[in-house]
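Please open the model in your viewer and keep the selection tool at hand.

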Amino acid sequence: MATEIKTLNPQSVWGYFYELTQIPRPTGQMEAVTQFIVDFGNNLGLETKQDAVGNVIIRKPATPGFEDRKIVTLQAHLDMVPQKNSDVSHDFLKDSVNAYIDGDWVKARGTTLGADNGIGVAMAMSALADNTLRHGPLEALFTVDEEVGMDGANGLKPGFVRGRILLNCDSEEEGKLFAGCAGGADLNVSFQYRKGAPLIEGDVAVSLFLSGLKGGHSGVDIHLGRANANKLMFRFLKEAVRDYGARLAFVSGGSLRNAIPRETKAVITLPRDNAETLWELVADYQDLYRIEYAGIEDNINFTAEMADTPSTLIPEEIQDDLINSMEACQNGVITMLHDFPGIVESSSNLAVVESSEGLIEIKILARSSSESRKAALLSSLESVFSLAGAKTEYGGAYNGWQPDANSPILKVMGKVYEDMYGKKPEVTVMHAGLECGIIQGVYPDMDMVSFGPDLKHPHSPDEAVSIPSVSRVWEYLKSTLENIPVQ
C-alpha cells in the first residue's frame, strides 16, 4: 500500500512527502500545494508569508544558544513534471500520484513520482517541524513553477528572503555538493501556412508511432546519450518522403522543454502500392534504432498501422523544410567543461514538435554554463530554422550559477561530510538549471550550495528516489544546520 511510505525512516520526511503525492501539483497548478504549505506553517505557529507570484516563506526562530548563527534558507520548489506512459490513465490536474515501495526505492506506477523536488520540500518541512534539531535562525523558501520558466524564482523580490546562506535541496546525487549550474534559454520555432494541400488520389493513410524510449531530464540525463523520439521520427520521415512517395499530414512529439521526448506520432499518406514496403521499412528502422542504442535504450518500439484519411496534407515545401531542419538541428551534448571532467557545458534538447491546421510549432531548450556558448548555440539553432523559412523567437532565458571556490558554506558542508563518512564529498557543477542562479541575481551576497539524495530518471515515469539515501541526507542536513558559523 502507498500509505506504507509514511512508515519509512525518517518518518517525518516520508510522511510529508506522501502528503505531497496526494496533491496534484504540475507546473502552473500551484494553488492547492501553496495553500497546503501556508496551512502547514500557520499550524506550527511560525511566521508564514506568500509573495505576489505564490512563493511561500516560513521562518523558525533559532534553538536557544544558537541565536548568533547566520540565517539559513532551505529552498525547494513545489511543482513537479507531469509525465506518464501512454497506456496509463492519469489526470495530473485531479489525480494523486500512485507511489509505491520497490526494494530500496520509492517509485510511481506509470507516472513521474514528484520526488523532484518533493523530497526536498519534505526535508525542509521536517526541519521546520522538528523541535529536537539544533540550529540558528532558519527559514524555508518554497518556490512555485520551477519546471517551466522558473517563474517563482524569477518573481522573487529583495527583502522577501533574509538568509545569508541558501541550501538548495534540488540536486539528485548523494555525496555531491553542487556549487554551480548551467543557464538556459528557449528557442520557439514556427512554420506557418495558409491552407493545407489536397490529398493525392489513390494514396492511403498510415499512422506511425515511436515509443518506449526512456526520456528523462534534459539537463541531468543529457550526457547518457538517450534517444530523442523527435530526431528518430524525422530521420525516418526523410527516407519515407524521399523514396516512398510519402506525404506528411500530422506530427506530434514530446511534451515539455526540459524532458527528453519519449514518444512521437506522425500520420503520413503514400501510394497504396508502397504501403507493404513501408511496413518493412518501419521494421528495419526499429531494428536499426535498437542496434544503435543497445545498452542505452531497452525498449524502442516503432509501429505502423492504417489510419483514417486526413482532411489535408502539410504543403510539400513546408514539409520538406520541416524535415530537413529537424534533421539538421543539433541535439544532445554540444560541449563539455574543461575544469570539471565529465560534466556537460552546453546542450540542446529538441523537445517538442506539434502540428495543427496551418501551423507547426517546435520548442527547443538550450543550456550552457557559459553565457557566450549559450548565445552561440542559440544562434546556431536559430540559423538552421531561419534558413528553412521558419519564424524563430527566443524566450525563457535564465542565468547560470557561477561557482565560488571560496564559498564558506561549501567548506562547512565539506567538513561535516568528511566527519560523518570519512571521505570528502565531490564538489561539482550541474548541467541542469537550478534556481540558485536566479536567486543569486536578486541576493548577490548569499552563499549557496545544492545537495540532495539519490534520484533516478527525474522527468520520466521511471523516476525513483532512494530510501536509504534520503535517511542519510536527512542526517547530513541536521548536522550541517548544527554547524552553521556565527554571523
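**The largest cavity**

By class, the lining of the largest cavity comprises six nonpolar, two polar and four charged residues. Here Ala, Val, Leu, Ile, Met, Phe, Trp, Tyr, Cys and Pro count as nonpolar, Asp, Glu, Lys and Arg as charged, and the others, Gly among them, as polar. The model is predicted: local features need pLDDT of at least 70 and side-chain atom pairs count only at pLDDT 80 or more, while totals for chains, interfaces and linings use all residues. Residues are numbered from 1 along each chain as its sequence is written, and side-chain values use heavy atoms, with hydrogens and water left out.

Select Glu 173, Glu 174, Gly 175, Lys 176, Leu 177, Tyr 417, Tyr 421, Phe 451, Gly 452, Arg 472, Val 473 and Tyr 476 to display this lining. A cavity is a set of points, on a 1 Å grid over the protein atoms alone, where a 1.4 Å probe fits but cannot get out; lining residues have an atom within 4 Å of a point. The space in the largest cavity is about 70 Å³, a volume being the space filled by probe spheres set on the points, which are joined across faces, edges and corners. There are four cavities of 30 Å³ or more.

Next, colour β8 (176-181), α9 (408-421) and α11 (467-482), each of which supplies at least two lining residues. Helices (H or I, at least four residues) and strands (E, at least two) are DSSP runs, numbered from the N terminus. Which element gives the largest share of the lining? It is α11, with three residues.

**Salt bridges**

Remain on α11 and select Lys 478 and Glu 475, which are three residues apart in that helix, about one turn. Their side chains meet in a salt bridge (3.2 Å, N to O), defined as a side-chain nitrogen of Lys or Arg within 4 Å of a carboxyl oxygen of Asp or Glu. Lys 478 is partly exposed at 24% relative accessible area, and Glu 475 is also partly exposed, at 37%. Buried means under 20% relative accessible area, exposed over 50%, and partly exposed in between (1.4 Å probe, protein chains only).

Select Glu 47, Lys 49, Arg 59, Glu 139 and Arg 162 next: salt bridges with shared partners join them into one network.

Now move to α9, where Asp 419 and Lys 415 are four residues apart, about one helical turn. Their side chains form a salt bridge (2.9 Å, N to O). Asp 419 is exposed at 55%, as is Lys 415 at 53%.

Key. On a 1 Å grid over the protein atoms alone, a cavity is a set of points where a 1.4 Å probe fits but cannot get out, and a pocket is an open set with protein on both sides within 12 Å along at least five of seven lines; lining residues have an atom within 4 Å of a point.
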